[in-house]
Amino acid sequence: MKHFPIFLNLEGRHVVLSGGGDAALAKLRLLMKTQARLTVYAPAPAPEIVEWARDGALDLVRRPLAPGDTRGAALFYAADEDAAEDERTSRIARADGALSNIVDNLEDSQFITPAIVDRDPVTVAIGTEGAAPVLARMIKADLEARLPATLGPLARAASAFRRMAEALPAGRARRSFWTEFFFRSGPDALDRSRAADLGQVLDAQLNAHLAARDHAGRVIFAIVGARDPELLPLKTRNILHEADLVLHDTDISPQILDLARREAAFGTLPRSASPLIDAAGAGQHVICLIPAAPDAHMLASCRSAGITALIIPGITPLPNLTPLQETA
């Protein structure tokens, strides 16, 4: 990974762009969605830029960028669509300490701007290290079709309610609460009325969760028949995304372990059922990634202790079929 993906807080910070043509317009349409303070340097700006400046969306300086103009800026975009001028302005920006991007020049840029799916405040960024912009646009179009427009209102309501939700224990209880809101109660309320009071929905749901009895965790024995993560059963993938504790055999590939949620704890498989019973008894969801069927005594011990213990069969890869010829 050459470019490390981050989300930079631009609220109140200065962003400078040099250029007044099509490349500048494309970047400015995106930058104006942020809360940055924008300044454009362009001797001959496009009419849209002049209008944006007149409306107060940005500051327009009708001359070429000069040394000192980017001092204190967080980001700089060179968008003059002229190689020599872009090189000159980016050199000024770097000397002033601003991170610089040269439009359509990956190698000489200090950062890149990804393709973005905007469901404010939910933002999905898609990058391909500049290797396949067409692929990034295809992924963007697919995600825009999948992510509903109501995602923004749901996220804003959740942000305002976050402190109240801290009445629930950290971990699985809160994840269950937010999962229900984002995928069931929240969308259902907005389907009934786009003017629905999501705060009331969250209040009612929180009271229900606080009144509910805390259930014990569970233990899942997932058989992993191959090192290839693409051969992992969908059920195992879904449980990996939710598990609190991931225990695994030494032969499990790192690519499969990467599918677990980032906050999960990891460890090696225990020799007895006691650690599994303790973890599940404390409310944790445990998944054991194993290459073959689990020990029958360990499974029976978990169930005897009142712990839900399930097995997910694995997918075994086919034998080498290279010698076979197609006959159909």
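1. Asp104 sits in the loop that runs between β5 (99-102) and β6. This is a predicted model, and in it the phi of Asp104 is near 65°, a positive value in a residue that is not glycine. Asp104 counts as exposed because its relative accessibility is 81%, over the 50% cut-off.

2. Glu81 also deserves a look at the backbone. Its phi is positive, about 60°, although Glu81 is not a glycine. The residue belongs to the loop between β4 (75-78) and α3 (83-95). With a relative accessible area of 52%, Glu81 is exposed; the cut-off for that class is over 50%.

3. The next backbone point concerns a peptide bond. From Asp120 to Pro121 the bond is cis, with omega near 10°. Pro121 is located in the loop between β6 (115-119) and β7 (122-126).

4. On the overall build, the protein chain contains 11 helices and 12 strands. Its radius of gyration is 27 Å, whereas the globule rule gives 20 Å for 328 residues; the value is well over the rule, so the chain is more spread out than a compact globule. The C-alpha trace spans about 80 × 65 × 45 Å along the principal axes.

5. Burial and contacts can be read alongside those dimensions. Of the 328 residues in the protein chain, 38% are buried. Taking contacts between residues at least 6 apart in sequence, 60% join residues at least 24 apart. The accessible surface of the chain comes to about 19,400 Å², and carbon and sulfur atoms account for 53% of that surface.

6. Which residues make the nonpolar surface patch of about 520 Å²? The patch is formed by Met1, Phe4, Ile6 and Leu8. Phe4 is in the segment before β1 (14-18). At 64% relative accessibility, Phe4 counts as exposed, since the cut-off is over 50%.

7. Searching the whole structure gives six aromatic pairs. In the pair of Tyr77 and Phe111, the ring centres are 5.4 Å apart and the planes stand at 80°, so this pair is edge-to-face. It links distant parts of the chain: Tyr77 is in strand β4 and Phe111 is in the loop between β5 and β6, 34 residues apart. Tyr77, at 4% relative accessibility, counts as buried. Phe111 counts as buried too, at 12%. Both assignments rest on the cut-off of under 20% for buried residues.

8. There is also an aromatic cluster to check. One such cluster is formed by Phe161, Phe177, Trp178, Phe181 and Phe182.

9. Is His285 buried or exposed? His285 counts as buried because its relative accessibility is 14%, and the cut-off for buried is under 20%. The residue lies in strand β11, which covers residues 285-290. Leaving aside residues up to four places away in sequence, His285 touches Arg172, Gly217, Arg218, Ala243, Asp244 and Leu245.

Methods:
Residues numbered from 1 in each chain as written. Predicted model: local features only at pLDDT ≥ 70, side-chain atom pairs only at ≥ 80, totals over all residues. Heavy atoms only, no water. Patch = residues over 30% accessible without salt bridge, like charges linked within 9 Å, V, L, I, M, F, W, Y side chains within 5 Å. Areas by Shrake-Rupley, 256 points an atom, 1.4 Å probe, with all protein chains shown as cover. Salt bridge = Lys/Arg side-chain N within 4 Å of Asp/Glu carboxyl O. Helix = DSSP H or I, 4+ residues; strand = E, 2+ residues; numbered from the N terminus. Buried < 20%, exposed > 50% of the residue type's maximum accessible area, 1.4 Å probe, protein only. Rg over C-alpha atoms; globule rule 2.2 N^0.38 Å. Contact = heavy atoms within 4.5 Å. Phe/Tyr/Trp six-rings, centres within 6.5 Å; stacked < 30°, edge-to-face > 60°.
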